Amino acid sequence: MTDVMPTPRELRDISPSVQTLIAEAGGEGEEGMMKVAKVIHSRSMLPRWKGKSTDEIVQEPKQFSGWERKDRIPFLMQQPNEVYTQATRAMRRAREEMKGVPSADHFLTTRLYDSPERPSWAKKMRVVERYKGHIFLKE
């Protein structure tokens, strides 16, 4: 069976949170996407994001680099349906596993974290976990 890629109209119907998981960690499988989903859910529990949905949080400027990609739409359009299924499951699993308890609320690539260009905000945070190409941090 051949995967059918979403059409542009269908892509608009896919939650921004799911799109974020794919853009940020689609290459790291469902487990990697779930770790990013936990970051999104954790942010929704922080006082400064109180009252905002995960979809609103991921679209805030400079929060998730997947939204800054110039090739975001073509990249998302090239993903097989299974990646969308995994991302949707990861978002749900993250919420269920967290049970309202925040975990890491930031992440960045290991390449950036281990470089002299590490952002100043990352220098002030505690490393919670390393997973494949990402470092997960907590304020």
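In this predicted model, the lining of the largest pocket draws at least two residues from each of helix H2 (16-25), strand E1 (106-109) and helix H7 (110-113). Strand E1 gives the largest share, four residues. The pocket holds about 530 Å³ of space and has 21 lining residues, among which Gln63, Phe64, Ser65, Phe107 and Trp121 lie nearest its centre.

The lining divides by residue class as follows.

| Class of lining residue | Number in the largest pocket |
|---|---|
| Nonpolar | seven residues |
| Polar | six residues |

At the start of the helix, a side-chain oxygen of Ser15 comes to within 3.2 Å of the backbone nitrogen of Ser17.

Helix H6 (residues 81-98) comprises 18 residues, and the distance from its first C-alpha to its last is 26 Å, close to the 26 Å expected at 1.5 Å a residue. Its buried residues are Val83, Tyr84, Gln86, Ala87, Ala90, Met91, Ala94 and Met98. Viewed down the axis of H6, these buried residues fall within an arc of 160°, so they line one face of the helix. Lys99 follows H6 and has a positive phi, near 50°.

Methods: Residues numbered from 1 in each chain as written. Predicted model: local features only at pLDDT ≥ 70, side-chain atom pairs only at ≥ 80, totals over all residues. Heavy atoms only, no water. 1 Å grid on protein atoms, 1.4 Å probe; cavity = no way out; pocket = protein on both sides within 12 Å on 5 of 7 lines; lining within 4 Å. Points joined across faces, edges and corners; volume = space filled by probe spheres on them. Nonpolar A, V, L, I, M, F, W, Y, C, P; charged D, E, K, R; others polar. Polar contact = N/O pair within 3.5 Å; in protein donor to acceptor, adjacent residues only side chain to side chain. Expected span 1.5 Å × (residues − 1). Buried < 20%, exposed > 50% of the residue type's maximum accessible area, 1.4 Å probe, protein only. Arc of directions from axis to C-beta.
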